[in-house]
Amino acid sequence: MGHSDNPAESIVKGFIQEQGGVSGLISKFEKEGLGPIVRSWVGKDEKQPISAGQIHRALGFETLQKLGAKVGLSADATAEALSELLPKTVGTLTAGGATRARWDWRY
């Protein structure tokens with residue numbers, strides 16, 4: 001119980017943790033003017049969409065390339081996948097509406 005059957009989701013959760021948790025991820029997106037989009041994912045049912053281009057802008061090519069290398073995807077394919085996975089994963093991790101500086105990874 002508590003383990004995801006989806007390896008991509010596990011990778012995304014690890015990536016979020018590397019960014020300093022959900023609050024660190026939000027901070028990174030806020031620097032690119034995307035804070036309102038990312039904050040909409042926190043503990044809410046209706047999440048604003050984000051494009052692969054916006055993911056590229058916020059995270060940068062190098063970060064996307066490194067993350068993609070873990071699963072055999074290009075930076076562009078990784079950005080596309082994250083545009084679908086990040087809103088869902090952030091919503092799952094913040095179901096109670098909290099964004100702690102250090103995410104509690106117990107499930």
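**Notes on side-chain contacts**

1. R57 is partly exposed, with 43% relative accessible area (buried is under 20%, exposed over 50%, partly exposed in between; 1.4 Å probe, protein chains only). Its salt-bridge partner is E32, at 4.0 Å from N to O (the rule wants a side-chain nitrogen of Lys or Arg within 4 Å of a carboxyl oxygen of Asp or Glu). R57 sits in helix α4 and E32 in the loop between α2 and α3, so this bridge ties together parts 25 residues apart in sequence. E32 is partly exposed too, at 34%.

2. Before going on, keep in mind that this is a predicted model: local features need pLDDT of at least 70, side-chain atom pairs count only at pLDDT 80 or more, and totals for chains, interfaces and linings use all residues. Numbering starts from 1 along each chain as its sequence is written, and side-chain values use heavy atoms, with hydrogens and water left out.

3. The salt-bridge count is five. One of them joins R39 to E30, with the closest N and O atoms 2.3 Å apart. R39 is partly exposed at 38%, and E30 is partly exposed at 38%.

4. Another links K13 and E9 at 3.3 Å. Both lie in helix α1 (residues 7–18), four residues apart, about one turn of the helix (helices are DSSP runs of H or I, at least four residues, numbered from the N terminus). K13 is buried at 9%, while E9 is partly exposed at 21%.

5. There's one aromatic pair: F29 and W41, edge-to-face, 6.3 Å centre to centre with 70° between the planes (ring centres within 6.5 Å, using the six-membered ring for Trp; planes over 60 degrees apart are edge-to-face, under 30 stacked, the rest tilted). Both residues, F29 and W41, are buried.

Definitions and conventions:
Helices (H or I, at least four residues) and strands (E, at least two) are DSSP runs, numbered from the N terminus.
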